[in-house]
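Student: I would like to learn how to read some features of a structure. Could we go through them one at a time, with the general idea before the case?

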Amino acid sequence: MDSSAPGSDVIIHCRDLHKSFPDGRGGITAALAGVSLEVRRGLMVALVGPDGAGKTTLIRLIMGLMPTDTGDVTVLGNNIIQHPHAAESDVSYMPQKFGLYEDLTVQENLDLYADLHGVSAADRKTRYPELFAMTNLGRFTKRLAGRLSGGMKQKLGLACALVQSPQLLILDEPTVGVDPVSRQELWAILLNLVKTRSLTLLISTPYLEEAEYCNHAVVMYQGRILTEGSPQDVANHARGRTFRITTPPAIKPRQLVATLLESSLIADAVPEGGDVRLVLKADAPGVAGIPEAVNAVEIKPQLSDGFMVLLRQAVAKTQTAGIASAVNGPSAHSRSESGGTPTVQAATISGQSAAHAPINATTNGEKPVVQVHDLVRRFGDFIAVNHVNFDIRKGEIFGLLGPNGAGKSTTFRMLCGLLPLTSGTLRVAGYDLRHARASARQAVGYVAQKFSLYSQLSVQENLAFFASAYGLRGIRRKQRVQWAIAEFDLANLLSNITGGIPDGFKRRLAMACALLHEPAILFLDEPTSGVDPLARREFWQRITAMADQGVTVVVTTHFMEEAEYCDRMVIMMNGRVLAGGTPTEIRTLAMTPDKRDATIEDAFIHVVMEEQKAGLKASAAA
Amino acid sequence: MSHKAKFGKMRRIIAMSKKEARQMMRDPSSIALGIVLPLLLILLFGYGLSLDAHHVPVAVVMEDHSPSAQSVFGAFAGSRYFQPRAVNSMVQANRLLTAGTVDGIIRMRHNFSRNLRAGHANIQFTTNSIDANRARLIENYASGVVSGWLAQRELTHGQQYYQPVTIQQQIWFNRSMDSRYFLVPGLLVLIMTLIGALMTALVVAREWERGTFESLFATPVQPGEIVISKIIPYFCLGMVGLAVAVTAARILFQVPIRGSLPVLILVSALYLLVALGMGLLISTRTKNQFIASQAALLLTFLPAMMLSGFIFDIRSMPPAIQAITYVLPARYFVALLQTLFLAGDIWSVILPNAAVLVLMAIIFLGLTRRLTVKRLA
Amino acid sequence: MNILLRILALIRKELIAIFKDPRSRFVVLGPPILQMIIFGYAGTFDLNHVPYVLVDQSHSSESARFISRMNGSGIFTCVGSAGNIQLARPILDSRRTLLIIQIPQHFQRDLSTGRQAQVQVIADGRNSNTAALAIGYLNEILNEFNADFLSSHSGGTPPPAVLHIRSWFNPDLLSRWQIVPAMIGLITMLAVMILTAMSVAREREQGTFDQLLVTPFTPLEIMAGKSIPPILVGLGQSAVIFFIVRYWFQVPYYGTAAAIILIFVIFIFAAAGLGLLVSSISSTMQQALLGTFVLVMPCALLSGLATPVSNMPKAVQDITLINPLRYDVQAAREAFLQGADVHQLLPELIPMAIIAVVSLLTASWLFRRIH
């Protein structure tokens, strides 16, 4: 329309956007509370923030897919409030979960979007080969989109968005549920696109570190922009406050993290490379007041460190405003009970010293609680789990890592007795749970990914139901329910309908229900996906405490950095175990003489690459 | 509209319809609803269901063995409606009737032939009327058999029996009173409702549930184009269903089509549009496949079955229920179908009923179009 | 003991889930009662209103007498008159009348001279059942007219024999009495199957099913916990609908209390078994709903509810032997109208029980195989 208007290199302009939704309990929640934003031509802008920060709502308002409550949006000079679809022929958009028709083939999806965007036959002749070359989808044109892996879906979604040549490309969480290798490939594609075409890119991601690929990062939290600027600017909020602490030999990094997080001076503490990364709050005087941090070494902050500093500030502000939120850490009561004695279990630590021990090694002569030997699971001619082996010891936190579709969920379901095995053997606490008598299941607690609670029942009724399900009676039943209510801070919600309580509390209730019968082994499926970073810290603090009490914890996650909390882990992809061992052992895989500080993610990418190379060689030899 | 814009519009509609058709053919639940169930219904209605009784088993208690009593028995035995069997006593006959082994008892009292000569004989006929409709039918058949027997007797005895008034009846449009003649055309209502309303109730909701609308809304496709392209494939499937059902009616079940085929096709297409409108409207409103299918069942299919006049005549319903039927499109379609199949092109039926359907199509499709906006939430 | 407590916990949980939410509470009670009342009124073959067009070419006192007898029946209503049948035809064509009744010119003359007079009746056969009924009513009126006439006039030999009809169990041949008791089964079958099929599918969809499976519940306990609440709800519905049938529609109930209770219980077990079968092969609530629909539809058509089973071809009749609703429809009619006791209902109760047992066993086998 009026691209000659002043400031024509401003592609997106948002002013003071507000948007609220009914919260299903009669009230409303603000998804956006006054967001103003400018995106300039040719930039790559990352919209980062945890789930529920308002990223998707903001993107939908920019796309004209939703009316705003108040505020203005201008895209490519078009007033989107008045003409929601005015810019659509110059903007391409890929929604969450890629917006593909899963029952159409790759080619049919591509053709559909080409037709809808009015791409001529001549243009298609040049565009299609380009897109296929970019995405490596050329071989799969006849495959149904629903049968592609997460990474391939993501690329197909991108290809569909790029059948026209847009001025502006908007991608909503394109990297969620996708393996690290595919994520890396996507960023490579995007960087190249911005370089070669005059394209402006707005991309949202819950992975803070991905913002580092972009020129500009907009950090969102609870409907507001916490800060924006270059990734370096954001990181600088933690400058001079980011430290590395070497873990004392007697304890595990996650135990040190749990202790550190007790301190009111600390914005963040996470295990990293066997050490602990520590970020101080903005108002903390220094590391001096923290006894555990005596050997702290200041390091270069990252974007996520800056984010945590800002986040703690924001939370403190809402708290002083008197709004208690589910985001807070566990209650002081549970903290002192659980996290306080990190050294008790030190004797059982063994992994660190035996750097190259095989995954199945049993130390201390103790029998493993979980034994998996040569496990195979087929669905038709598809091998979901392909000859998998590992053992899990008592009191361990064991991670099953891998992208969606790697086979970790299938393995996990077989462990829990939810799925029969095709072949191999599997023992959990001495039983195959699938055929075990009811009593064997008493040893196991399970929390599914979508907190499996009865949403129509009240909190109290859920607790009562699961107590009965596990056959708790009399005094013990009373004690355990009391314990769960106290431990998970549920006292004020007992008569609320579970469907209506905040997600943070749902997650707590799910944990409470799974722990009522004091299981020896706790299975957690993707417990941290879709969880805000503060709640994630809280969660790991709790898990650490439980492991310290001797509970064995088996957890699946697609957050590679969370592997640092595990004692040992296996990394899976395409149904096979690519690597296994302690975090240190895993990291070593990716270390080279010039790269000493490899992360688990680096290691993962490294192993996948090796794997692909080996596969190529094998097929060449054959 | 410029030529180029028109071209783009056509291309988008074709692309979207193609997509819709592919999804339809690849979805097992649409195969079940759109193909398996209609075929099952055709077979059931064509071969299975009938309101007409044949070879009704009746017990005959012959307390009188005279030739005249025997000839009554013979008349029943000779009728294609009855299958009489002689039993020894009323006690036994009653037992058979109560157990449902026979549907009626013919009792020839011991004084039958004496009374017959005296001119006041009774043939006692008892039915089990827990199925009242069938009982009434059987009783009518029995009257017919007795009239026939009397007529025969007039001939053989050279006597004229005097009945002051007799009825000479003609059943127009369905001379042989075959209930299949009205059940099979009515079947079209069910099939069209199934394909038109129940299947499409899922298609918009599915796009909401799977999040595909979001990326569709970001393209230049217009809301009207979305609606049209959802109609086209299901309309085609509905017309295929119509063709199959009409062919089956005509060839397998020998139901006559006395009206003109083009008119039949036209009004069926019209009803299909109404059904599509209802299905899409439900789907657009609910945005949830589960609620949509429940609503479609309750609001479209069950009323089409029970309240359309297809099995149960609307004239028999109390006024309040009759009032409800006026808002049901199926009612108008049933009237059209029964007329076009059995009576012919009677414009005084076709025009008003078709006009109501046109109005309803406009309302439902119009509302769907209005409610389809390229907006989330 | 522990098993019982666990199953009780499951049942309690299901019942809370059904009755806590006002919407689902309504779904359990609202539609069945509404369906019963609406379809109870709609589902009748009886005609209480037969419109006719009169073509009175006689214009005589006898024709007037005949017409007034017809109008006096309360069933026949004259909606118009015409000079001849051709003129009346469009009224019938456009469905504004069901009958054309022509009284010929020499009607009175024939009657007075002792000749047989004829009334011509033309019926709209587009719904042949309605046409047959209307003519049947007309015949009854005619018979009364003839009897009256013969008693006041002499002449001619009346037919030496007449058919004397008695209808047992439903002397007025009210088709509502036949349909409404049978609908109790259809309505509760739909509700019980949907509730059973959905309660499993809902847990699958919400992910709570896995949670159940990792608890010490055995598959059989889960099945019991899943089927008992819908069975209880179904029994409650049956009771409510029974009273609607009995006191709203005024259908007499002559059977024993044990008979009707046994019919309901066995039939609802069979319905729950079928519901579990559907649920074991459907993974979403929508599939469960459509699966139930695809199964209930032929069951309803082949039950004898609207069209009698005995009118079906032999092969189709054989298929109905596995249809629990067929037995329920028959048994309910016998219990209501015929006053059947448990012993007399055994031919229906036993097959129904077999179907219940087989479907429950198959469902539990499928259940174990899948989980």
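Tutor: This is a predicted model. Let us begin with a strand pairing: V270(A) stands opposite R277(A) in β13(A).

Student: How many bridges join β12 of chain A to β13(A), and do the strands run parallel or antiparallel?

Tutor: Strand β12, residues 266-272 of chain A, is joined to β13(A) by six bridges, and the two run antiparallel. They form a hairpin with two residues between them. In the turn, G273(A) has a positive phi of about 55°.

Student: Which other strand of chain A is joined to β13(A) by bridges, and by how many?

Tutor: Strand β11, residues 242-245, is joined to β13(A) by four bridges, again in an antiparallel arrangement. Within that pairing, T242(A) stands opposite V279(A).

Student: How should I read the side chains along a strand?

Tutor: In a regular strand, side chains alternate between the two faces of the sheet. In β13(A), D275(A), R277(A) and V279(A) point one way, while V276(A), L278(A) and L280(A) point the other way.

Student: Are the residues of β13(A) buried or exposed?

Tutor: Six of the six residues in β13 (275-280) of chain A are buried, so this strand is largely enclosed by the rest of the structure. The cut-off for buried is under 20% relative accessible area.

Student: What does chain A look like as a whole, in helices and strands?

Tutor: Chain A has 17 helices and 23 strands. Of its 622 residues, 57% are buried. Among its contacts with a separation of 6 or more, 70% are between residues 24 or more positions apart. The accessible surface of the chain comes to about 24,700 Å², with 52% of that belonging to carbon and sulfur atoms.

Student: Which residue of chain A has a positive phi of about 50° although it is not a glycine?

Tutor: That is L76(A). Its place is the loop between β4 (70-75) and β5 (78-79) of chain A. With 13% relative accessibility, L76(A) counts as buried.

Student: Where is K287(B) found, and how exposed is K287(B)?

Tutor: K287(B) is also not a glycine, and has a positive phi of about 60°. The residue is found in the loop between α10 (261-286) and α11 (289-306) of chain B. Its relative accessible area is 31%, so K287(B) is partly exposed.

Student: How is the size of an interface given?

Tutor: It is often given as the accessible area lost when the parts come together. Chain B and chain A bury about 2,600 Å² between them, with 56% of this on carbon and sulfur atoms. R11(B), E214(B) and R375(B) supply 24% of the area that chain B buries against chain A, more than any other three residues. The contact takes 25 residues from chain B and 30 residues from chain A.

Student: How many salt bridges are found across the interface of chain B and chain A?

Tutor: The rule finds six salt bridges across that interface. The side chains of D103(A) and R210(B) meet in a salt bridge, with 3.5 Å from N to O.

Student: In what order do the five strands of the open sheet of chains B and C lie?

Tutor: The order is β5(B)-β4(C)-β3(C)-β1(C)-β2(C), with mixed pairing. At the edges stand β5 (165-172) of chain B and β2 (76-81) of chain C, each with a single partner strand, so one side of each is left without a neighbour in the sheet. Neighbouring strands here are turned by 30° against each other on average, direction ignored.

Student: How does β1 of chain C run relative to β2(C), parallel or antiparallel?

Tutor: Strand β1 (residues 50-56) of chain C runs parallel to β2(C), and five bridges join them. The bridge partner of L54(C) in β2(C) is S81(C).

Student: Which strands does helix α3 of chain C lie across?

Tutor: Helix α3 (residues 61-72) lies across β1, β2, β3 (99-103) and β4 (117-124) of chain C, running at about 175° to β1(C). Helix α4 (residues 85-93) of chain C lies across β5 of chain B together with β1, β3 and β4 of chain C, at about 165° to β3(C).

Note on methods:
Residues are numbered from 1 along each chain as its sequence is written. Chains are lettered from A and ligands numbered from 1 in the order in which they are written. This is a predicted model: local features need pLDDT of at least 70, side-chain atom pairs count only at pLDDT 80 or more; totals for chains, interfaces and linings use all residues. Side-chain values use heavy atoms; hydrogens and water are left out. Buried means under 20% relative accessible area, exposed over 50%, partly exposed in between (1.4 Å probe, protein chains only). Contact means heavy atoms within 4.5 Å. Accessible areas come from the Shrake-Rupley method with a 1.4 Å probe; for residues, only the protein chains shown count as cover. Two strands pair if DSSP finds at least two bridges between them. Axes are lines fitted to C-alpha atoms, for helices over the stretch in contact, and angles run from 0 to 180 degrees between N-to-C directions. Buried area is the accessible area (1.4 Å probe) that two parts lose on being put together, summed over both. A salt bridge is a side-chain nitrogen of Lys or Arg within 4 Å of a carboxyl oxygen of Asp or Glu.
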